[in-house]
Amino acid sequence: MNTHLTAQQRNDIALGTADAAASAHLAVCVRCHAEAEATAAALASFRLAAVRWSEQAAVRAWLPQSNRRLKVAAWPAWALAAVLLVGMAIPLARRQSPPPAAVSAQAQLSRDNQLLARIDTEIGASAPAALQPLQNVQ
Ligand SMILES: [Zn+2]
């Protein structure tokens, strides 16, 4: 064969679809072999670039959905944090102001103490209250 391989024949060799005559020429011609190697390297580089682009496109397409999943997954954490804050705030609010029952218990205790003091005064007196005006007459 006097002529070298065409670009189409080199592409067919790179794709593995070359005919027997082109493969036979490739085996004996150093120039066509080098050109076929360059074509194969260019096709491999193009395939690698296409794969990388598709992987990046897949990642870009997946990221918004991933963000949505993260937001949904973050809901229990936010709810737990809110419950903890409310749970911590309630005891603090209770400590700041005494409950009304305690206030009324203190008032009742004060009234009871005053009543006991009056009872002690009346018991400690030498004459009952009804007879005390008579003690002053003497
Ligand atoms: Zn050749």
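Colleague: Why are helix 1 and helix 2 called roughly perpendicular to each other?

Modeller: Helix 1 and helix 2 (residues 20-28) pack at an angle of about 90°. Angles of 65 to 115 degrees count as roughly perpendicular, under 35 as roughly parallel, over 145 as roughly antiparallel and the rest as oblique. So the pair is roughly perpendicular. This is a predicted model: local features need pLDDT of at least 70, side-chain atom pairs count only at pLDDT 80 or more, and totals for chains, interfaces and linings use all residues. Residues are numbered from 1 along each chain as its sequence is written.

Colleague: Which residues make the contact of helix 1 with helix 2?

Modeller: Helix 1 brings Gln9, Asp12 and Ile13, and helix 2 brings Ala22, Ser23 and Leu26. Contact here means C-beta atoms, placed from the backbone, within 7 Å.

Colleague: What makes Gln9, Arg10 and Ile13 the buried residues of helix 1?

Modeller: A residue is buried if 20 or more other C-beta atoms lie within 10 Å of its own, exposed if 12 or fewer, and partly exposed in between. Gln9, Arg10 and Ile13 count as buried.

Colleague: Which exposed residues does the face turned away carry?

Modeller: Ala7, Gln8 and Leu15.

Colleague: How many of the residues of the protein count as buried?

Modeller: 7% of the 138.

Note on methods: Helix = DSSP H or I, 4+ residues; strand = E, 2+ residues; numbered from the N terminus. Axes fitted to C-alpha atoms, helices over the stretch in contact; angles between N-to-C directions. Contact = placed C-beta atoms within 7 Å.
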